[in-house]
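Trainee: Could you walk me through reading burial and aromatic pairs in a model like this one?

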Amino acid sequence: MSAPVIRGWCPGARAPMMSGDGLVVRLRAPFGRFSPEQAAGVADLSRRVGNGLLDLSARANLQLRGVAEADHSALIEGLEALGLVDPDAATEARRNIVMSPFWQEDDTGHRIAAALNDALRAPDTPQTPGKFGYAVDCGLTPILRNISADIRIEAVEDGLICRADGSDSGARVTARTAAETALELAAWFLSSGGAPNGRGRMAAHLAHGAALPQKFRDIRAMAGGVARFKPGPTWHGQLVALEFGQITADTLAALANLATIRLTPWRMLLLEGRDMAPNLPGLIHDASDPRLHIHVCTGAPGCPQGLSDTRPLARALAPDLPAGQHLHISGCTKGCAHPGPSPLTLTATAQGRFDLIRNGRAGDPPDATALTQDALTKALTHAP
């Protein structure tokens, strides 16, 4: 079994990534929001030039799958007409922002995200690595702490903080200065050697001994745990979960007829103003559904590095997952769907064969090897 290839960058619209089912094209919708017209247009493009499947990423981006190389230019034309593509790949790669989906028009988070979005489009903006990103998390308490980001703009008890991921202190900012300060921190990251050979992340840079400028050590961030969200009503609308983070073009088109859609980093969509959950294929409304506790990657054949299909196994194992237990199923040792440790991880070694890792990552030494579906069902039933 050969080692999986580490790409070190994320796909975009103008810089897609080839996968086993065609090009993966990632859309970074401003503010993580699709108008009904945009959502309907994306659904139509997915059906016409993709394979009709779309994935919601852990950074609240939507990915079209199965796009043929010959159709990519037509897709870009369609996205330009919808206002959903940047002018060039370099701008697209920089504009990597995740924000709380519970913003309101012209509130603090919305104004900061707008300023940061505009600033990252400027040609003199620091050209950070492809996975480098920003979190705008300005509610009463942070809710994006477990979402990947390198620079975080958060609320503190008496204002706002801009801090480096991996540090519990940062610089005091205002809604007016937050974007500028975030780019100052990004420039320091590059100038201090955080991205040798064009790759690198902030937390790793600090862990290797990089010392932040004093400005970014002035105030402490708020204490806080990991926020957990479930499908159901909110003040802003209805949260609906996607089975394993995927939605069909037909379901997206149906949702476009109902509401403006906000993307979230929790495999859920927020339907603005809705107080009822629509009954559509692939949507999960029950907060106790075990599929909400399973992280699973694309697997084979959609991913060329996947050694087995994964989603059919996830559906088959879901009824036997003990209540409250979390399961990660990975098609290879990269563990893209859940890079951190999980109580239970299954890593494919061949078609229909998986290693079992307890309290670890997809690439960690296994506790049991080459298990079939029947053996995995028994292992889950007896999971501690």
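Trainee: Is Trp103 buried or exposed?

Mentor: Buried means under 20% relative accessible area, exposed over 50%, partly exposed in between (1.4 Å probe, protein chains only). Trp103 has a relative accessible area of 4%, so it counts as buried. Keep in mind that this is a predicted model: local features need pLDDT of at least 70, side-chain atom pairs count only at pLDDT 80 or more, and totals for chains, interfaces and linings use all residues. Residues are numbered from 1 along each chain as its sequence is written, and side-chain values use heavy atoms, with hydrogens and water left out.

Trainee: How many aromatic pairs does a search of the whole structure find?

Mentor: Rings of Phe, Tyr and Trp (its six-membered ring) pair if their centres lie within 6.5 Å; planes under 30 degrees apart count as stacked, over 60 as edge-to-face and the rest as tilted. Searching the whole structure gives six such pairs. One of them is Phe31 with Trp103, tilted, at 5.7 Å centre to centre and 50° between the planes. Those two residues are 72 apart, so to speak, in distant parts of the chain. Phe31 is partly exposed because its relative accessibility is 25%.

Trainee: What lies over the face of Trp103?

Mentor: A charge sits over a ring if NZ of Lys or CZ of Arg is within 6 Å of the ring centre and within 35 degrees of the ring normal. Here Arg262 does that, 3.9 Å from the ring centre of Trp103.

Trainee: And which residues form a ring cluster?

Mentor: Phe102, Phe229 and Trp266 are linked into one by ring pairs.

Conventions
Helices (H or I, at least four residues) and strands (E, at least two) are DSSP runs, numbered from the N terminus.
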